[in-house]
Each structure stands twice: as structure tokens, then as C-alpha cells.
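Okay, thanks for coming, everyone. Have a look at this one with me, and let's talk about how the two chains meet.

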Amino acid sequence: MSAQATKKIEVIASGDRPILPEGARTVPVYIMGKKYLLPETLTIQKAIEYAGYQFIRACGCRGGICGACPTVWRIQGDFQLHFGLACQTVIQENMILAQIPFFPANKAVYDLEALEATGEVVAALYPEIMKCVGCNTCTRACPMDIDVMEYINAAMRGDVARAARVSFDCIQCGLCSARCPAQIAHYHVAQLCRRLYGKYILPRAAHLEKRVEEIQAGKYDGVLEDLARMDHEELRKRYVEREIEPLDSTGWEPEDKTYL
Amino acid sequence: MGYTPEMKELIKRVEATRAERIERTRRGEYFPAMTLEEREEVLRKFHPDYKPEGRREVRVGPNKGEVYPEEFVDVLEAYPRIPPERVDFSVLPTHTTDVLVIGGGGGGTAAALLASDNGCRVILATKLRHGDANTVMAEGGIQGADQEVDSPYFHFLDTIGGGHFTNRPDLVAALTRDAPLVISWLESLGMMFDKLPDGRMRVRHGGGTSRKRMHSAGDMTGSEIMRVLRDEARNRPDRIEVMEFSAAVEILKDAQGRACGALLYNMETEEYFVVRSKAVVLATGGFGRLHIQGFATTNHYGATADGLVMGYRAGVPLDFMHSTQYHPTGAAYPEQNVGLLITEKVRGLGANLLNVHGEQFVFEREPRDVESAAIIRECVERGNGIVTPVGRYGVWLDSPMIEELEGPGTIERELPAKFVQFMRYGIDIRKEPMLVYPTLHYQNGGLKITPDAETAVPGLFAAGEVTGGVHGENRLMGNSLLDITVFGRRAGRNAAEYAKGLAEEPGEPTLDHVREFVRELEEAGVDPSRISPMLLPDYTTPDVKMRQLTAHYHGTIR
């Protein structure tokens, strides 16, 4: 056994305040123009907290999926504008940053039941998509690396399925809409396309519909009532004896079909 | 960036055993699963829930005398953010509605939708943005027995066996019965489920499942559910009013003891205001941000147990609050990703867990608490963990196996978010394993409810992680997204029925129950500086606090 492997640690984990390695280097970061010296390994989010801020806005899941912390920055002396999520981006020396926790965007109100999955429907609810100038600024702003302009173009062409699939990773942070010269609310357009796709283009699950009917007809009510009243010993026995579907289960059927 | 040279050396041991492990998996040979007795032993010795330290008895309220994690008792045994005598209902701005839903995650939003479906006006109040919740972070999937080889019977057995037979059986019956109904509801709302070309749901195994019933939408299942439900709520502005950055701080009760609204706090302007309603639904989620026993957490910024505190003060007993779920695979490296959830789907797709020698030490699909305890044992007792540069423990999760077992491109297709989150730090999980360690993931316990999502307080309903009992002492993957939707819907529907069935409007709101709770706190000699609900965690460093000479902290909030 290696020395590395046998090394014992007293503290096995420690909250969410960063653990800084001994002698961690600090770098200058400008939070809304004001300079702070912050440990170089931190994400923007943890660095802002390290500087002394307490978030109300611009902080959500802290894991790159909720879209609360879109952030824009430039590196001093460089003209180029960068975009990212504060919880997912490590600070850099001479970063000048600001957060955009909210950006107003037009959301159409609709009754999904009354719609069809066509380009006309999307264009009627969001006519502004037709004003896309093709600048691709939206795509460059996306922290999820989504080809935003491509899905807007797909929506313009009436290819709702493609718009849905291309936009799937969208976390609705709004950076695309903040940057768009045509004032499109991309992420709301994408949401509409995904719901149309999920409801009208993807084929319905027939086995699910059948199971829903069975449940509504009360097929499993008796079985579940019995289980809910069963003593632990009997439950344990049934749990241990239940057949496990194999990982590769093509064509597999359980031997005991009593409770299907 | 990426792994250090020392870690890269260790990865060679993982690579050395990979080909043989893949062959074994292809033959359907797995590391032996533990017997029920072996499970119990590893839990008793290594699961954080079983450690006597870090717990203490709660001295007030309906569960007086029970022992809970210290960090939770600190917020439960605490004074209100605003003393009841300072609240003058005649001057505070008041909104009126039929059903007030507190919490803007998947559970609260499902409740709001069902309450509005059932003819009620709804106010949904949430302390952050609508959708800022653990719901969006749930990646792996949602269970539902809708395949021909499966049924609610097996889902029930898996759930209650995974919970070590401690779960409230009537809640498990409700959960597993409604599951296909909920999946169908989400499908009809336009959720993009992973499907086969003919529309059949693509389903997988999760830890502790006997049949493949894990439905997914890429590795963003919770995010997709939240996006769809939130969009649907926003399509009903005439029936559902959403109040963001509005934290509920107390439940209001009328003279007859019925819930009749809440006292709320504008997080930004610091004003208090009132929502009066005929029924209240609590869907505020869990307590991950209390960092029980110092663990890192996968949880959302707002997971601070507020609903538990409010419900408890209002008189609702707690169930299973002694039990906390540590997800076996939280990222342990790089430091920027620490605590981040690595979905169980990675193991569902066939990736092995390996120690520092590149050896398997546990079956990959044990229930979560067993898997976590086995990882802790491998590191702490057997000394077979990998140690990160900042001194954290980890074991390898061999993601490159997936590309070989399921074909190239599988990781980018099935785990797009994970792929990106590691690529950012120079780790290509198609080629290199991930380093993982258990992380605080889920509050198994919570407010006690009936299968109709009722609490002990008339007019007060609760759903999701804020409740306890459905998962017993351990929750299976894919049962939390199911829990919030099943019980969110039940809470919304039943709250609406209750509101419509009231013979007369509820009486004037009071905080008498809070006064009574304060009296108990004083009698127990609780430190008067302790304040809750917490609302937000405090990550200000001690150095900064030392220099904040004129700052005032009310609880954790400046």
C-alpha cells in the first residue's frame, strides 16, 4: 500500500467555504470596477463572497444549472467581452466583472393545448424572431455553448424539432437576450419550441397511456393496500426474492408475473 | 489544469484493470451486492447518521426530546425573525388569495398548477427566483412503473426496501400509484423525455431498483421539469401570481387554529407584508445549506430548512428528521466542483467505483446510504482513498467505461452537463475517471403528512423535501422528483378542495402560536441571539466579519 493511500485525514469534508491551499496566490479582480485581491483558485461566485459580499440575487444552485449568476467580464487592456456563470468560472488576473442577475424579456402567454407544432405558431407568438440580423452575438454570449442563433433560425424556418433539440441545454440565464440587437427573447422562444416538440412531435408513450388507464381503473389499489399493511418480515422476504432486471435486458421477462 | 501528475499516476492503476472489468460487466458479472445484514453493519459503523457526536436533543415543540443534527436543532430552537408583538396586521400591506403556496421549486409549482386547475386563485411566494430550488439540480431521473415488466408493486418494494422498511407505507403506496400519472401529466405538458423512436420511454436502473423505471431528460431531468412547470405557471397570470424574493417567515393561524396565510419578508427592501388565504401549501425544500456535520452539499443556496421551522412553530410534528442522505458520488476534485452532484446515472450506465489501487470494493447500485457508507469505509477505515491536494478524500468513478460499454458518444449524449462541467477544468471524463466522495444531498425527514398531503394543522398542506416519511431513512434515486410532483399535485388539489369547502372565510390572522413557541424557548433557556428561519446561508469569511465593525447580522443575514 502506498504512503499516499495510508495518509489519514481528520477532517473528511468541510462545508462550502473554500479550503485554500497553503500560500494560495491572490490576484487582482475588479468587482464592478472596484479592486479586490482574491485567491486565484476560486470561482467568481466564491471569490465575490470571499471579498465580503452576501448574495441575494445572482446566486442559485451554485452548480451551473439554474441560470441565476450570468456574469460578464473583460480582462484589463483587452477589448474582448466574455460571458459565463459565476459559479462555474474561475477568476483570472485583472478580470473586470459585473453580474446580470435579471434581464427583462418578453414571454408570450399561451394555452399549449390550443397550439400546433408549426413555425407559424412560433412566429405568431414571437414575431420578433423574424428580425434576427444573423450577427450570432447570442451564441457568443451563451455560457452553455448552445448554438443559439441556429435554434432561432430553425424556429424561423419552422423546424420546431430542431429548435427544441438544439436549445435543450438552455438554463434560461438570459445573456442571449441581453445582447440581442433584434430584441429577441431567445430562451422563451426555445421554451415554447421544446414544449411543442415534447407534446406534439415526440410520439406519445403508448405503454404509459395503458398503465395510466390501469391505475385509474384501480388495478393496483388492492395490491398496494396489501403491501401497506404487510408486516416487515413478509416485506423483507418479498424484497429479497424479487427478480432483478439485468442491465442488458433486451427481451427479458420476469419469471413471476403475478404482480405485473 | 486537470489532474496533478501524482493523480495521473494513480489513474494508471484504474486503466490497468479497466479492460477486465468491462469484460466482466459484459458477461453480466458484477461485484457482489451486500446482504441485508452486511448493509446494516456498514451503515452502523460508517454512515454519518449513526455517529453520536454532532447531535442533540430538541427541547421545545411537538418533537421535544428527540435527537437531531446539531445544525438543525440550532434553527429549530430559535427565536422568530420578528417578535410577534411587533407585527401589527392593521398596518402591514395585505394580499388576499384562495391558496398560498410557499416555495417556488417543482413541488410548489405543481401545487400551484393543480390548485388553479381546481378553480382557485393562487399566490406562489418564493424567497429567490421562481425555480431556484433543488428541483433544477436533480439530474438522473424520475421513477415510474410504466413498463410491461414492472408495476407499482415492484416500485413499492424497491422504495420501502431502499428505506430499510422504515418508510410510512401509506405514503409509499401513494407515491408509487401516482407515479405513472405524473409521468403522463409531464408528457402532456410537453416535457422532453428521453424516448425511443416509437415513443416508448427510455428507462434505466438506479441504485436499489429491481426494474428499469428511471425516466430522464438528458442529465437535466429536474431542470426540464422545472422549466416546463414554470412556463405553464407563467401561462396563467390571471390565476397564479408569483412573488419572487418574498420569503415567508411565519405561518398565520386564525382563532380556530386553521392556517390562514403567512407573514412574508421582501428580501430586497426588507419590508414585511401579509398574504391571507384559505389554505397554505408549504413546499420549501430541505436543509442542505445547514452543512450537517460540516459536509459539502449538492444543495441549492436557499436550502435552509425555513419551512420546517415555520411548520414546527405552527404545530406540525416532524418525522424522520434524524435521517440525512449523503449522496455517494459528490465531486471531490477539482476544488471548484467539490460537492457537485455526479448523477447516479453514471453508475446506472455501468461505471465502476474503484479505490486507490484501481480495485472494485462495492457494487455500484447499492442504495445510496449503503454506497456512501462503503465509500467512507474504504477511505477512512481501510485507507484506500485517494487524497486530493487540499486534503479531501475520494474514490474513482470510472466514467470511461461508459464509452466502451454503451458506445462512443454516450457521455456527451447522456451526461452533457457533467461533461462540460469537468471539461472546464481540463478533465475529459470520456478518458479519465472522476474523483468522488459522499456529499450532503437530501433531507430524508420533514413535516409529517398524510397521503393527501395534509399536516396536523387544518388548512396547512405540505409537499416534497420539507416533508418526511415517504422515503423512510433512505431515498432512492428518482424518487425525489417523483415525490415533489406526486405530493405537490396532491397538496395543490386538496388545498383547493379544502379552500372551496370552507363554510366561511378564515378568521383574523394571529401569531399566537409563535408567542407560545417563544414562551417555550424562554423556559428552555434558549440563547436569545439565535434567529430563524435562516433564509440564506452565510459564507462571509471570519476575517471579513472581524472588519465589519458596524454591520448588524440578524441571524445569518446582514
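Let's start with one pair: A:Arg242 makes a salt bridge to B:Asp158, with 2.5 Å between the closest N and O atoms. By salt bridge I mean a Lys or Arg side-chain nitrogen within 4 Å of a carboxyl oxygen of Asp or Glu. Between chain A and chain B the count is eight.

Quick housekeeping: this is a predicted model, where local features need pLDDT of at least 70 and side-chain atom pairs count only at pLDDT 80 or more, while totals for chains, interfaces and linings use all residues. Residues are numbered from 1 along each chain as its sequence is written, chains are lettered from A and ligands numbered from 1 in the order in which they are written, and side-chain values use heavy atoms, leaving out hydrogens and water.

Now, the whole interface. Chain A and chain B bury about 9500 Å² between them, 57% of it on carbon and sulfur atoms; that's accessible area lost on being put together, with a 1.4 Å probe, summed over both. On the chain A side, A:Gln54, A:Tyr239 and A:Leu247 lose the most, together 8% of what that side buries. Contact, meaning heavy atoms within 4.5 Å, takes in 98 residues from chain A and 116 from chain B.

Helices here are DSSP runs of H or I, at least four residues, numbered from the N terminus, and axes are lines fitted to C-alpha atoms over the stretch in contact, with angles from 0 to 180 degrees between N-to-C directions. Residues making that contact include A:Leu208 and A:Ile215 from α9(A), and B:Leu181 and B:Glu187 from α6(B).

Terms used: Helices (H or I, at least four residues) and strands (E, at least two) are DSSP runs, numbered from the N terminus. Buried area is the accessible area (1.4 Å probe) that two parts lose on being put together, summed over both.
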